[in-house]
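Please read them with the coordinates open.

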Amino acid sequence: MTERTVMLPPEANTSPKAWLRAQVKSPLGLVLNIAMLALIIKAVPPLLTWALLDATWSGADMNACPPKGGACWAFIHAKMRLILFATYPYEEHWRAMLATLILVALVLVSMNPLFWTRKLLIGWALGLLAYGVLMWGGIFGLRFIDSSNWGGLPLTILLTVCGVFFGALLSVPVALARVSRLPVFRTSAIIYVEIIRGVPLISILFMASVAMPLLLPEGFSPSGLVRVIIGIVIFTAAYMAEVLRGGLQAIPKGQYEAAAALGLGYWNTQFKVVLPQAVELVLPAFVSLIIITLKSTSLVVIVAMMDLLGAAKASLADPNWIGFYVEAYVFAGAIYVAICASISRYGRKVETRLRRARGYG
Amino acid sequence: MSFRLIAASALLAITGATASHADLLDDIKERGELSCGTLNYLPGVGYLNDKGEWSGYDVDFCKAAAAAILGDASKLKLVSLTGPQKFPALDSGEIDILSRSVTQTISRETTLGYDFIGPNHLTGQGFMVSKDSGVTSVDDLDGATICVLGGSAQERYLADYFSFKGMSFTPVAADGSDQMYPMYFGGRCDAVTQEPPYMAIRRLRSGEAEDHVILDDIISKSYEAPVIREGSPRLREVLQWMHYGMITAEELGITQDNVDEMVATATDPNVKRFLGTEGTVGEGLGVSNDWMVNVIKAVGNFGEFYDRNLGKDSPLGVERGLNALPRDGGVLISPGWQ
Amino acid sequence: MSPHIQGGARPGARVFAALTRPTTLAQLLFLVAVAVLIIVVSLILQSNLDRLSVKSGYGFLLEKAPFELGESLIDYSAGDTYLRAFAVGVLNTLKVAVLGVFLSTILGLFIALGQLSPSTVVARVCRLYIETARNVPLLMQLIFWYAFLTTSLPRVKQALSPVEGVYLSNRGLFIPALDFGGAGGAIALSFLIGLVMAVSLLLWKSRDKAARNIAWPFWGLLLGPALAVFLLSGATVSLDVPQLKGFNFRGGITLTPEFLALLLGLTIYTAAFNAEVIRGGILGVAKGQTEAATALGLKRGQAMRLVVIPQALRIIIPPISNNYLNLTKESSLAVAIGYPELVRVANVTLAETSQSIECISIIMLVFLTISLSTSLFLNWFNARAELVSR
């Protein structure tokens, strides 16, 4: 074998000087850079003055904050736990926090197909048990807390997890029906998916919270929380089914033929051969659906539930603190951004790790 | 016809619907919990304090009701509701009592099929305008932009009044008073309409109190009352007499602080009957005899109840106005407890 | 496996065999289950409505609506029917959707180009914009913008006036309008008809590559009907400039803060998604295409306009139309800021009449109609675009 030298492209010069030269090389780039820098110089200092220099950091009520002064972080200081936990009893906040952390950890682990083992199922069972015990209480000397008192960030996360989890479960039969050869199932799936994707989530939430009790026998109406979760699940499942259908259709025909050659029936083919591959294929799309669901849960405000946004809104109604909407929304908004950004970052990481483990890319 | 009957009975058998009692009062006692619909965005009326605890006038009525019926103000489930949700929630049985500043009107009582308990809060709908607008009466507001709470009865009365007077206006429907008042003081509207006491408080806190005037005109009564579904006469009786009881307690000088002492030392037969140490007033209503003691321990007499949430002991500091005993210039009366 | 029936069997037996096949049975069973469910639910609904003595049906639409709506494209005042109120709502939804689609596309294009620009600073700022706008719930953005517009803009007496006749205050944006002396509605309608005809012509002609000279018929169809109606009606044109009279500006066109906040929120939110789609489309065009264009001596802008964009469009259109549909549906969040679009009208009606199922079904039907007709149009359009590409 002869020695061969491989010519690599010249390494990108990353020194600050080279970077600077690249920035001013094209006239357009130069102009844009200068314009944007000027804009930043004009916009950032007043913002910083408002947020930091002129801000009020502590105080007992609104009189601590001058009317035309900077940010009133004293308001957030007073209302932080209200915004984060809403009506969950004050002394028991640690329980909601711990339970939510368990839930989040389980979800993060489950987003990586490499961890899909029997152990994970046991983990979920134990985790959900711990979650229920912590959130409801009633045993081990923990005070009982009705689900109507759950609120704030734990509620946002609970709604998201329930929406995604049950939505994913429901989406499997819908997606299978959608690609089925049997006309009744296929048509039903199309009708379901198209109707749900054609209407705004808010109308489904109205249906769940206002009209659902009329469609159930008297005295059988589930609690408001459960009704809203049902609405979110029905909504999420339609979108997930469409994503999953894309995955199913991307599985090469050879896989079906190989399964048939092995003598596998329809269900075995789907659950042992096709679905595992399809789910892995659509994982990135699933991650963005999780983010969309998380943001969509804020719509429950319109049916008077107090999730993170609802609690931020409720915090504005205190007669001792009037008119600090910017602070409240900046605080809650920052939490949303942090969560969404970390989910998408984590999703990308899992994706690369998975590609490496599967040996492509 | 017969098919429907068969289907309906089959349905009943399938779902195994629980036999519901004739009166909601028995259901609540059996359940051991009262479910009460309220709101979470009106300072002093229904809101959450720093610790996330429910507070306010409408919320305290729910607490009092739980104390009266179940003997414990904490056996209470509060559900916050938006305007469009409030009646469906009552219809479906999700809540037993709706205490959400609902204005009592005859159409709601007759065509919608509800029973009102009360009214327990008497105000009217007025207007606030800026002084330099030159407006001195509602009739000067032709063509004005007016801020109003969206989905409230006031939104409707406003439209009624202006069309009756042949005037035009542009409504700006706000989602809660924390959205409405910054808009008004910022100049989004020429006038704002709500109950005068609330407007007075907001004016006081706006930092520009000198520049705004509350018009004397009241375009409609706004007598707010808790609501239950029709068909539970005994629950209605309990709540109605609980309201009278809070007034009577103020008349008799029974307060949250001295109620235990009064129970121990009272000699007046009227007071003793009221507090349940003599006679069976409570049992007659279907609750315990010391029910009013529980109510007063939970929320106090009417004066305490009002002053803590809206009146002089609250940051709002609203005058009691009509919501006082006749001896203090108000109209609150209670029938006798004989 | 179902038993195989031999060819000689009687037809009845064959039908029976077909019916007892597991797949057929499952489908039948499913249909029966759905039917039973529907019957049971409607029976429960009926008994619940009877118990609550709530009226049902859509008869209430012809009754008088006792509320005012802040703004409307057609004449409306309290005392008109609920039906008219719903029409106002639908028109307001369409108004904000159409403008939102237009503006979010333009903003999205700028953001996408900014990300691809040679300036790192601009690219970073654009990235920051996308990450923030996409990750904050739209409802929160809307509430924020509304509070911002109504409390931070100047009062009506101190309105900003960048150009004579244009005023910006916390009552909204006031701009001059063309006054056709009563014939405005007819002219607008005929312009709309012209627009539809012109676009149809464009689509129909685009199949034919040779025929490029359709400019005259296109503009003729676009402007002809409106011009004809204008001339025939003998209307006069005058400029209707807003003037401060009494409490507020009168005349001209008013864009209220509710509308502006909704438009701003929807535009900013959707533009972030559009920018990603557009960027993906531009990057999706093979690099060789740009290089080939450069080799042919085309300038950067020309290469973009003549080579890259036409190809990128084919990648962009399906996902961006999805974004447009989302924007239309999300305009329903305006219920939280008091813009009288369909959902708010339904919400107020619901509070007034307690007819929840009817009101919610109207919302669903309207949005379903919009989204299904859009998808049908897009399917047809995509089929067409594919045809062209051959």
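**Notes on the predicted model**

1. Chain C holds an open sheet of three strands, ordered β1-β2-β7 and paired antiparallel. The edges are β1 (167-169) and β7 (253-255) of chain C, each pairing on one side only. From one strand to the next the twist averages 15°. This is a predicted model, and the remarks below should be read accordingly.

2. Within that sheet, β1(C) pairs with β2 (residues 172-175) of chain C through three bridges, in the antiparallel sense. To find the pairing on screen, look for C:S169, which stands opposite C:G172 in β2(C).

3. A helix pair links chains B and C: α7 (residues 177-186) of chain B packs against α5 (residues 138-152) of chain C at an angle of about 30°, and the axes are 8 Å apart. Because angles under 35 degrees count as roughly parallel, α7(B) is roughly parallel to α5(C).

4. Which residues make this helix contact? From α7(B) they are B:Q179, B:P182, B:M183 and B:G186, and these meet C:A147, C:T150 and C:T151 in α5(C). By class, the contact of α7(B) with α5(C) has three nonpolar residues, four polar and no charged.

5. The contact between chains A and B takes 33 residues from chain A and 34 residues from chain B. On the chain B side, β2 (47-48), β4 (76-80), α4 (83-91) and α7 each supply at least two residues. The side of chain B that touches chain A has 14 nonpolar, 14 polar and six charged residues.

6. The largest nonpolar core has 279 residues, and those with the most contacts inside it are A:L205, B:A65, B:V295 and C:L142. Helix α8 (residues 257-284) of chain C gives this core its largest share, 15 residues. Leaving out residues up to four places away in sequence, C:L142 touches C:A261, C:L262, C:G265, C:L333, C:A336 and C:I337.

7. In chain B, is strand β8 (residues 144-149) mostly covered or uncovered? Six of its six residues are buried, so to count as buried each has 20 or more other C-beta atoms within 10 Å of its own. In a regular strand, side chains alternate between the two faces of the sheet. Here B:A144, B:I146 and B:V148 point one way from β8(B), while B:T145, B:C147 and B:L149 point the other way; all are buried.

8. The partner of β8(B) is β9 (residues 169-174) of chain B, paired in the parallel sense over six bridges. B:L149 stands opposite B:A174 in β9(B).

Note on methods: Residues numbered from 1 in each chain as written. Chains lettered and ligands numbered in written order. Predicted model: local features only at pLDDT ≥ 70, side-chain atom pairs only at ≥ 80, totals over all residues. Pairing = 2+ DSSP bridges. Helix = DSSP H or I, 4+ residues; strand = E, 2+ residues; numbered from the N terminus. Axes fitted to C-alpha atoms, helices over the stretch in contact; angles between N-to-C directions. Parallel < 35°, antiparallel > 145°, perpendicular 65-115°, else oblique. Contact = placed C-beta atoms within 7 Å. Nonpolar A, V, L, I, M, F, W, Y, C, P; charged D, E, K, R; others polar. Core = buried A, V, L, I, M, F, W, Y, C linked by C-beta atoms within 7 Å. Buried ≥ 20, exposed ≤ 12 C-beta atoms within 10 Å, placed from the backbone.
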